[in-house]
Amino acid sequence: MEIKIQNNTEAVVVTMCGSFDTQAAENAEPSIIELEALASKPITIDCTALDYVASSGLRVFLRLRKASAAQGQQITLLGVNENIMEVLKVTHFDRMFIIK
């Protein structure tokens, strides 16, 4: 999986490409630490090129949500495909994030 972070003065946009499985979640640790430090800004995660999310990927989303909420911010998930949306609904993550 590939993670690209674009940080500007107003917000942070994260683009995720590939499968967010256990190995990808472990490899993403440096990016997650960086995003937690940026949680005082609104974060948008572009999931357009994300084709799979495992439970370990969901834990990362939850970790980022917790960091953002502590700073009074929310996370928006953008371009969520049908399969990932089904996972979000079953786990009730669709209630924790803004989904566009």
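**Core and salt bridges of a predicted model**

Colleague: How many residues does the largest nonpolar core have?

Modeller: In this predicted model, the residues with the most contacts inside the largest nonpolar core are V14, M16, F20, I45, L50, F61 and L77. The core as a whole has 27 residues.

Colleague: Which element supplies the largest share of this core?

Modeller: At least two core residues come from each of β2 (12–20), α1 (22–27), α2 (29–37), β3 (43–53), α3 (55–70), β4 (75–78) and α4 (82–90). The largest share is five residues, and the element that supplies these is β3.

Colleague: Which residues does L50 touch, leaving aside those up to four places away in sequence?

Modeller: L50 is among the residues with the most contacts inside the core. With residues up to four places away in sequence not counted, L50 touches M1, M16, G18, F20, F61, N81 and I84.

Colleague: Which residues are linked in a network of salt bridges?

Modeller: R63 forms a salt bridge with E29, with the closest N and O atoms 2.9 Å apart. R63 lies in helix α3 and E29 in helix α2, so this pair ties together parts that are 34 residues apart in sequence. E36 also forms a salt bridge with R63, at 2.8 Å between the closest N and O atoms. The linked residues are therefore E29, E36 and R63.

Colleague: How far apart are the closest N and O atoms in the salt bridge of E2 with K4?

Modeller: E2 is partly exposed at 40% relative accessibility, and K4 is partly exposed at 45%. In their salt bridge, the distance between the closest N and O atoms is 3.7 Å.

Conventions
Residues numbered from 1 in each chain as written. Predicted model: local features only at pLDDT ≥ 70, side-chain atom pairs only at ≥ 80, totals over all residues. Heavy atoms only, no water. Core = buried A, V, L, I, M, F, W, Y, C linked by side-chain atoms within 4.5 Å. Buried < 20%, exposed > 50% of the residue type's maximum accessible area, 1.4 Å probe, protein only. Helix = DSSP H or I, 4+ residues; strand = E, 2+ residues; numbered from the N terminus. Contact = heavy atoms within 4.5 Å. Salt bridge = Lys/Arg side-chain N within 4 Å of Asp/Glu carboxyl O.
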